[in-house]
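Hello,

Here is the structure we talked about handing over. Please open it alongside this email.

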Amino acid sequence: MTLKKIIFSASLLLLLLTLFSTTSAQKLLSPVQPPLQSPPTPTQPPQAPPPAAAPGMSTVPLVPVSPDGAPTPSIPKPPTIDILQILKKAKRFSTLMRLLKTTQLMNQLNSQLATSNSGGLTMFAPEDSAFSKLKAGFLNSLNDRQKVELLQFHTLSSFISVSNFDTLTNPVQTQAGDDPKRLQLNVTTYGGTQVSMTTGAVYATVTGTVYADNKLAIYQVDKVLLPLDFVLPKAKAPSPSPAKGVSPKSDKTKSSEDESKNDNGDDGVVPVDANSAGSMMGFNKVEIVMWVPLLWVLGATI
């Protein structure tokens, strides 16, 4: 036997011994495996209940989600200002409130306040005692247009605080118009604490503040602010003057002439009576006076 065969045989024997020892060791270390079966379906463990909400906490979302998934924006609305409710709480402007209602000017003023680009309003509010100082029946003598103009004469189309009255330029333009002859309102301040005004017919004083914010100011006044033409006597139309050289006839004379015309049919001229003592050959008294001197001169000449 050659050396190569001996080495080959020894290597093969060594390999067989190694394989046998490895297999025996695995059988000794691994447990007995059960027969192959399908794995059992695992059961789901019971789910825990959701945690309870903390006491006093609402589970409703404060901002609801819009359908497109974006939160709905919340736009705050401006506070509504009602002049009528303000005057009602003051409890001394019932006459002014009635005028604002009957003329429907209240709706216009509230709408102006609700406009975003409005400069605000300033109102001079005469209390009930101020209206009682007017002549009896004065308000009833005004027509609807004059009542609206009277209220507008008490309103400025801008917000004026007490400290800004001295910035006004006289005459102050009101919502009634800018006619300087009959709608003039002049405001005077004394030391920034006293405010008075005159219309040419009325001298009034601001006696207090009824309401003031950055949009509306209502000031109480002790007199009703009357436009100048509301108190001036209206001029009467001049009567037609008679024609020059013609004296006006009385109704009695005119009536006598009409009766003479109707009875005789000849413009009221009475026919001359030849036997009348006041007539001579159809001449009237004036003509007789003129002819007597003339006849006397002719007789003397002859």
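Below is what I found in it, starting with confidence.

This is a predicted model. The mean pLDDT is 73, and 56% of the residues reach 70 or more. Where pLDDT is low, the predicted coordinates should not be read in detail.

Next, helix α7, residues 144–152. N143 caps its N-terminal end. A side-chain oxygen of N143 lies 3.3 Å from the backbone nitrogen of R145. Which residues of α7 are buried? They are Q146, K147, E149, L150, L151 and Q152. Their cover includes α3 (94–102), α4 (105–114), α6 (138–141) and β2 (155–156).

Now the strands. β4 (residues 194–198) pairs with β5 (residues 203–212) in the antiparallel sense, over 3 bridges. S196 has T205 in β5 as its bridge partner. The hairpin of β4 and β5 has 4 residues between the strands, and G200 takes a positive phi near 90° there. β5 also pairs with β6 (residues 216–221), again antiparallel, over 5 bridges. A hairpin of 3 residues joins β5 to β6. Y211 stands opposite I218 in β6.

Last, the aromatics. The structure holds 3 aromatic pairs. F124, F165 and Y219 are linked into a cluster by ring pairs.

Best wishes

Conventions. Residues numbered from 1 in each chain as written. Predicted model: local features only at pLDDT ≥ 70, side-chain atom pairs only at ≥ 80, totals over all residues. Heavy atoms only, no water. Buried < 20%, exposed > 50% of the residue type's maximum accessible area, 1.4 Å probe, protein only. Helix = DSSP H or I, 4+ residues; strand = E, 2+ residues; numbered from the N terminus. Contact = heavy atoms within 4.5 Å. Polar contact = N/O pair within 3.5 Å; in protein donor to acceptor, adjacent residues only side chain to side chain. Phe/Tyr/Trp six-rings, centres within 6.5 Å; stacked < 30°, edge-to-face > 60°. pLDDT = per-residue confidence, 0-100. Pairing = 2+ DSSP bridges.
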